Each structure stands twice: as C-alpha cells, then as structure tokens.
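Q: Please take a close look at how the inside of this model is packed. I would like one connected account, part by part.

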Amino acid sequence: MYNVSFYLRRLHSLVGLFVLGIVILEHVFTNATSLGGPEALNGGLAMMELIPRPIFYGLEIFGIAIPLIFHAVYGVYIALQANCNPGRFGYIRNWMFTLQRWTAWYLVPFLLWHVFYLRIYLKGICGVPISYELLDSYFQNPVVVVLYVIGMLAAIFHFCNGITTFCMTWGIAKGPRVQNVVSVLSMLLCAALSLVTIAFMAHYVLF
Ligand code: HEM
C-alpha cells in the first residue's frame with residue numbers, strides 16, 4: 001500500500017509539472033497573441049486546426065483530459081488529508097502551502113466550467129469555433145472577467161509554486177538556501193505570467 005501511494009504521489013507531481021505545466025504555458029502564450037488583435041489570435045487558432053484530427057483529439061484526451069482528471073482527483077484526495085493552518089504557523093512557506101491548496105479548490109469548479117462551456121458545449125456540441133470575436137463578446141460580462149482572472153491567476157500561482165514544491169519533493173533543491181532561490185525564481189515567473197494574463201484580459205475589456 002505504501003508503494004502504491006508513493007508512486008501515485010510521484011506521478012501526480014510529474015503530471016502537474018510537465019503535462020499541465022505545458023498546457024498552462026501554451027494557454028497563456030496563445031491567449032497573449034490576442035494583444036496583437038483578432039488576426040493574430042485567429043491565425044494561431046487556425047494553425048491548430050491544421051493538426052490532423054486524430055492527432056489533435058489524441059492530444060486533447062491523452063495530453064490534457066486524462067492527466068488533468070488524474071491530477072485533480074488525486075489532488076483533492078491529497079488536499080483533504082493536508083492540514084492547512086497559516087494563522088498558527090506564520091511563515092511564508094506555510095502561506096504558500098495554504099495558497100497551493102486554496103488555488104486547487106478554486107481550480108476544480110473553474111476548470112469544470114471553462115472546459116464544459118467553451119470546449120464541450122460551445123465548440124463540441126454547438127459547433128461554434130473559438131475565435132477572438134467569441135472571446136471578446138464573452139468577456140464583456142464583468143462577472144465572467146473577474147472569475148476568469150481569478151481562475152487564470154490561481155492556475156499560474158498553483159503551477160509556479162508547484163515548481164518549488166516539485167524541486168523539494170524530488171530532492172532537486174536540498175537545503176533552505178537553494179529552496180529560497182528556486183522559490184524566488186518561480187515567483188518571478190508567476191509575476192511575469194500574471195502580468196501577461198492581466199494585459200490580455202484588460203485588452204478584451206478595454207478595446
Ligand atoms: C484541477 C484542480 C487541481 C487540483 C485539485 C490540484 C491539486 C494539487 C495539490 C493538492 C497539489 C500538492 C501536492 C502535494 O503536496 O504533494 C498539487 C501540486 C501541483 N499541481 Fe495541482 N491541482 C489542480 C490543477 C493543477 C493545474 C491546472 C496545474 C498546472 C497548471 C497543476 C500543477 C501542479 C504542480 C506543478 C504541482 C506541484 C507538484 C509537486 O509538488 O511535486 N495543478 N496540485
């Protein structure tokens with residue numbers, strides 16, 4: 001039993017960093033092209049449509065859906081076991097640990113809503129292609145904008161703080177000094193990705 005949970009936890013960690021990490025980076029960069037206007041984003045989305053369908057669906061199922069479901073379900077199991085009490089332990093790392101859990105809880109309903117509405121309902125069932133124009137009208141609703149900004153920033157923080165915890169889990173960052181350096185670098189990445197996200201979300205709202 002010890003071995004099963006040990007390997008599941010390692011798999012959860014690898015999937016979070018390498019599979020879902022690539023997904024979030026791709027998402028931020030593709031969406032950031034909207035800063036260049038409708039042609040830029042629609043051009044990027046059209047290039048994805050050139051990928052042969054069996055490969056595209058294979059990537060969606062085996063590269064996104066299954067890893068995400070595994071990471072989310074096992075993540076909820078881990079989060080239910082973990083003891084978060086930032087008030088009692090006032091250290092930054094304990095707060096980061098707690099935020100890792102809180103962002104995970106937010107991501108469960110947010111990602112369900114995001115995937116079911118845009119990918120499954122609009123694109124899959126109604127056959128509406130995802131485009132700059134669609135997102136632009138979607139983000140005219142301030143409630144949607146606020147929930148999306150929180151969701152994107154939660155995913156970015158969860159991923160970037162996860163880089164630090166990954167390096168600890170796998171023994172890559174041993175000792176407090178190296179761990180601090182990794183933590184600062186991953187929070188710089190978090191700040192950069194967050195600024196890009198706020199910029200493209202503001203672009204939809206303001207222009
Ligand atoms: C869908 C809801 C999600 C839940 C419930 C969830 C849950 C969790 C939990 C509880 C941990 C901590 C594991 C531990 O302490 O050992 C974790 C770690 C992690 N998660 Fe998530 N997560 C979710 C989504 C995501 C997403 C979308 C990404 C990528 C952007 C991601 C990337 C990571 C990374 C990189 C780690 C660090 C792995 C490590 O410490 O070794 N997670 N997740």
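A: Two residues are in contact when heavy atoms lie within 4.5 Å. This is a predicted model: local features need pLDDT of at least 70, side-chain atom pairs count only at pLDDT 80 or more, and totals for chains, interfaces and linings use all residues. Residues are numbered from 1 along each chain as its sequence is written, and side-chain values use heavy atoms, with hydrogens and water left out.

Start with Gln 100. This residue is placed in helix H4 (helices are DSSP runs of H or I, at least four residues; strands are runs of E, at least two; both are numbered from the N terminus). Gln 100 has a relative accessible area of 11%, so it is buried (under 20%; exposed is over 50%, partly exposed in between, with a 1.4 Å probe and protein chains only). What does Gln 100 contact, leaving aside neighbours within four places in sequence? Its partners are Phe 157, His 158, Asn 161 and Gly 162. Ile 24 is 76 residues from Gln 100 along the chain, and their C-alpha atoms are 16 Å apart.

Now the largest nonpolar core. It holds 33 residues (buried Ala, Val, Leu, Ile, Met, Phe, Trp, Tyr and Cys joined through side-chain atoms within 4.5 Å). Leu 118, Phe 139, Tyr 148, Ile 156 and Tyr 204 have the most contacts inside this core. At least two core residues come from each of H1 (2-32), H2 (38-49), H4 (92-125), H5 (132-138), H6 (142-169) and H7 (176-206). H6 gives the most, with twelve. Beyond four places in sequence, Leu 118 touches Trp 113, Lys 123, Ile 130, Leu 134, Leu 135, Tyr 138 and Tyr 148.

Next, the rings. The whole structure has 18 aromatic pairs (rings of Phe, Tyr and Trp, its six-membered ring, with centres within 6.5 Å; planes under 30 degrees apart are stacked, over 60 edge-to-face, the rest tilted). Tyr 132 and Tyr 204 form a tilted pair, because their planes meet at 40°, with centres 5.4 Å apart. Tyr 132 is in helix H5 and Tyr 204 in helix H7, so this pair ties together parts 72 residues apart in sequence. Both partners are buried: Tyr 132 at 8% relative accessibility, Tyr 204 at 0%. Tyr 138 and Phe 139 are also tilted, with centres 5.5 Å apart and planes at 35°. Tyr 138 is buried at 13%, and Phe 139 at 5%.

Arg 10 lies over the face of Trp 170, 4.7 Å from the ring centre. Arg 53 has its charged end over Phe 56, 4.2 Å from the centre of that ring.

Then the cysteines. The search finds zero disulfides (cysteine sulfur atoms within 2.5 Å). Cys 160 is in none; its nearest cysteine sulfur, on Cys 190, is 4.6 Å away. Cys 160 is buried, at 0% relative accessible area. Cys 126 is partly exposed, at 40%.

Last, the record. An unreviewed UniProt entry lists "transmembrane region" for residues 12-35, 55-80, 101-122, 142-160 and 181-206 (positions use the numbering used here, feature names are shortened, and annotations may be inferred rather than shown by experiment). Residues 12-35 are 88% helix and 0% strand, with end C-alpha atoms 34 Å apart. Residues 142-160 are 100% helix and 0% strand, and their end C-alpha atoms lie 27 Å apart.

Definitions and conventions. Lys NZ or Arg CZ within 6 Å of the ring centre and 35° of its normal.
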